Amino acid sequence: MDIVERFLNYTRINTTAVSDAGKLPSSSGQTELANLLAGELRDLGLGVEMRDHSIVVGTLPSNIKDASRQAPVIAWVAHMDTSGEYTTDTKAHVVEYQGGDIVLNKALDIVMRVEEFPELKRYEGDRIIVTDGTSLLGADNKSAIAEVMHAMQVLQDNPQIEHGEVKVVFVPDEEIGLLGAKALDVPSLNADFAYTLDCCAVGEIVYENWNAGEFHITFRGQPAHPMSAKGKLRNAILYAQQYIGMLPAGERPEHTENREGYYWVKAIQGSVASAKIVVDIRDFTVEGYDKRRNFIDTLAASFNQLHGEGTVSVEYRPMYRNAAEGLKGDNFYPVELALEAMKAIGVEPYAIPMRGGYDGAVLSEKGLPCPNLFCGAHNFHSIYEFLPVASLNKASEMVIEILKRAAAAKR
């Protein structure tokens with residue numbers, strides 16, 4: 001099957017993650033896609049396990065004939081869900097791009113303009129996969145699924161390409177807390193290291209990301225009728241407002257970039273009696289992260305001293321850690337291998353600090369070193385998401401090159 005056809009087939013299944021579903025996977029489309037992928041892996045001759053939570057694990061045995069050589073077992077991990085910014089079905093199509101703006105939807109006057117997306121200029125003369133402007137494309141992360149599946153097809157069609165044992169892993173619900181990776185039984189993979197293809201343009205490689213946590217902060221008030229409220233009314237809404245105002249104003253997402261951490265107030269609800277806010281903290285260093293975590297707790301303690309014990313309560317939920325902590329020393333080898341492979345296929349790699357999380361952060365924390373490589377797409381989580389076909393092919397070529405080099409390496 002052609003790699004573009006594969007990708008388009010995957011986008012036709014709605015796999016939008018549902019944050020408040022209370023189940024894993026959070027949407028039935030993810031199970032539908034998992035079943036499709038399991039069948040395709042079987043058709044390609046891989047051994048397949050359909051695990052709990054619709055996690056799919058495929059195994060391609062090593063074809064190295066020299067018994068004295070042993071290649072590392074490499075896992076390729078991709079997530080099946082798409083982000084919830086748009087929940088409508090994807091209507092992806094391919095355009096022959098000759099330059100200029102791209103009209104995504106004439107009827108709705110939705111246009112992807114070069115002025116806003118100057119990266120389009122790189123792809124003049126290429127084929128580009130886009131949406132009709134009413135949904136995400138889903139290249140995050142269905143491009144990776146197509147790239148890995150195509151690589152498995154190439155390896156099976158070309159047995160002269162030597163490779164070690166390969167694990168192909170598809171997980172649900174990355175977009176709502178890396179839940180599939182957290183549910184994955186990593187030791188059972190028996191893999192030496194892993195990769196995700198979950199960053200953007202050709203050449204990108206990630207081996208450091210946020211340390212991330214979430215706080216659910218509850219404020220308790222005391223209602224009273226306003227006609228006799230003096231000295232009695234305690235307004236939880238105003239407590240929440242005051243607390244938010246005491247967070248560092250310059251350390252919000254909209255004021256930070258590169259390796260600058262932040263506090264992000266991302267939800268608020270409540271009444272006079274009770275109000276709740278959700279605050280995320282992000283930092284690249286353990287020291288900076290711990291400082292932010294302690295600040296949230298210290299601020300709550302000070303609030304209780306000011307307004308009375310029990311006015312504020314804090315629930316902390318860790319989300320993920322910086323993958324760099326699991327990619328030190330010998331565990332940096334998969335990064336080096338990927339850098340070599342990119343250069344070998346004519347790609348100039350460039351490392352970026354990822355201001356977000358990816359499944360590999362969880363896997364690295366669990367003891368499976370996992371850098372993050374490019375999938376070739378642009379504008380994740382947007383109706384303007386697009387995927388150049390040449391980049392789709394290049395990412396799949398990178399997968400094969402990494403496996404070839406791992407098999408040939410002397411370690």
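How much space lies in the largest cavity? About 80 Å³. Before you go looking for it, know that this is a predicted model, with residues numbered from 1 along each chain as its sequence is written. Local features need pLDDT of at least 70, side-chain atom pairs count only at pLDDT 80 or more, totals for chains, interfaces and linings use all residues, and side-chain values use heavy atoms, leaving out hydrogens and water.

Stop 1: Select Asn14, Thr16, Thr82, Thr88 and Thr90, the closest to the cavity's centre among its 14 lining residues. A cavity is a set of points on a 1 Å grid over the protein atoms alone where a 1.4 Å probe fits but cannot get out, and lining residues have an atom within 4 Å of a point. Volume is the space filled by probe spheres set on the points, which are joined across faces, edges and corners. The lining has three nonpolar, ten polar and one charged residues (Ala, Val, Leu, Ile, Met, Phe, Trp, Tyr, Cys and Pro are nonpolar; Asp, Glu, Lys and Arg charged; the others, Gly among them, polar).

**Stop 2: the pocket.** Now pick Glu175, Ile176, Gly177, Arg282 and His381, which lie nearest the centre of the largest pocket, lined by 41 residues. A pocket is an open set of points with protein on both sides within 12 Å along at least five of seven lines. This one holds about 1,300 Å³ of space. Colour its lining by class and you get 18 nonpolar, nine polar and 14 charged residues. Strand β12 gives the largest share, three residues.

**Stop 3: strand β9.** Select residues 193-199. Seven of the seven are buried, so β9 is largely enclosed by the rest of the structure. Buried means under 20% relative accessible area with a 1.4 Å probe, protein chains only; helices (H or I, at least four residues) and strands (E, at least two) are DSSP runs numbered from the N terminus.

Next, show the neighbours of β9. Strand β3 (residues 74-79) pairs with β9 in the parallel sense over four bridges; pairing takes at least two DSSP bridges. Here Val77 stands opposite Thr196, and Trp76 has Tyr195 as its bridge partner. Strand β16 (residues 372-374) also runs parallel to β9, joined by three bridges, with Asn372 opposite Thr196.

**Stop 4: the whole sheet.** Zoom out to the eight strands of this open, mixed sheet, in the order β1-β2-β8-β3-β9-β16-β10-β15. Its edge strands are β1 (47-50) and β15 (350-351), each pairing on one side only.

Terms used:
Buried means under 20% relative accessible area, exposed over 50%, partly exposed in between (1.4 Å probe, protein chains only).
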